[in-house]
Amino acid sequence: MLAMSETPTAPARPRILSGMQPTSDSLHIGNFIGALNNWVPLQDEFDAYYFVADLHALTVPTDPEVIRRRSRITAAQFIAAGIDPERSAVFCQSHVQEHPELMWILACQTAFGEMGRMTQFKDKTAKGQNANVGLFIYPILMAADILMYDAAYVPVGEDQRQHLEITRDLAVRVNQRFGENTLVVPEPYILKESAKIQDLQDPSMKMSKTNSTPKGLLELMDEPGKLTKKIKSAVTDTDGEIRYDPENKPGVSNLLVIHSALSGTKIADLERRFVGEGYGALKGEVADVVTSTFTPFRERMNELLADPAELDRTLAKGADRAREIAVVTMDRVRNAVGLLPVTGL
Ligand code: TRP
């Protein structure tokens, strides 16, 4: 395995990279707490690269206008959440054309069966999603995204663990076949599921874009009045006690989790504070905490989206930074696998 200090592009701080697909017009509170909000503090410790995985989004047939709109929205969400494009590289995957090139080289090192064993692919096709070859090799593109930047860590959710494992396998394999110093083997950095957010109307089910009804879902771009209304009508129970007990009191527990994740107050402290109070008081406070987090986010989003040219410039600058590293990696990889250099003239 290659130590960071030996790589030609080794940064002073370890590099991290993560990406998000432009597949929705607004994140919901679960994605926000589970991913984006965790990316923000990592900027202090790491040389961070955050990108919009627009090429990955093409695996599901989507209207081109919708992909374009959602790509800008996704980038704006990074920035509105607190990712600082001056410090961290914020870019679109498709702007760095080395990604599909590295994917091809990695694809030629991947066994057919390895892709067939990917659980996300199996789940999607089992649900009847019509699979194209892009969906099948999705994890190889993801491996290319990661290995391109000599990333030391990749902060992702538990659902991406298998993709990180195949990325590590591919890096090790390339190094064995073509030389130890070809690729950096990344370490997983699985974000703890610190807070699992449930549907407000059916708290036995995870809050999700596809399965939740609008009333069960808190979206970051919802107006404050709408958020408050949804929280006030969240399903609870009839025993009247404010206590964290996800098994017997999933609705109340979910409200406590949401409060705690956004306010930073420990659940035990909330339980103590709400002794003798009714659900109305809890809901009122959760609504305050949620709206005071989401309102500045929504306002910043609206500012950013009002000036798409500026957003595009930010993305172009981010892509320039990303490309500086990508070209160095690709020179190394092309040479290692036996592709002729472009020389002469
Ligand atoms: N597959 C990831 C997801 O759906 C998105 C992604 C694409 C990604 N490339 C990546 C995440 C590289 C981390 C690193 O969440």
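Visitor: What space lies in the largest cavity?

Guide: About 60 Å³. A cavity is a set of points, on a 1 Å grid over the protein atoms alone, where a 1.4 Å probe fits but cannot get out, and its volume is the space filled by probe spheres set on the points, joined across faces, edges and corners. By this rule there is one cavity of 30 Å³ or more. This is a predicted model, in which local features need pLDDT of at least 70 and side-chain atom pairs pLDDT 80 or more, while totals for chains, interfaces and linings use all residues. Residues are numbered from 1 along each chain as its sequence is written, and side-chain values use heavy atoms, without hydrogens and water.

Visitor: Which residues line the largest cavity?

Guide: Lining residues have an atom within 4 Å of a point. Here they are Met-118, Gln-120, Phe-121, Lys-124, Leu-135, Tyr-138, Pro-139 and His-163. Helix 6 (119–126) gives the largest share, three residues; helices are DSSP runs of H or I, at least four residues long, numbered from the N terminus.

Visitor: And the ligand: which residues come nearest?

Guide: A residue is near if one of its heavy atoms lies within 4 Å. Of the 14 residues around the ligand, His-56, Tyr-138, Met-142, Asp-145 and Gln-160 come nearest. Helix 8 (138–148) gives the largest share of this shell, four residues.

Conventions:
Helix = DSSP H or I, 4+ residues; strand = E, 2+ residues; numbered from the N terminus. 1 Å grid on protein atoms, 1.4 Å probe; cavity = no way out; pocket = protein on both sides within 12 Å on 5 of 7 lines; lining within 4 Å.
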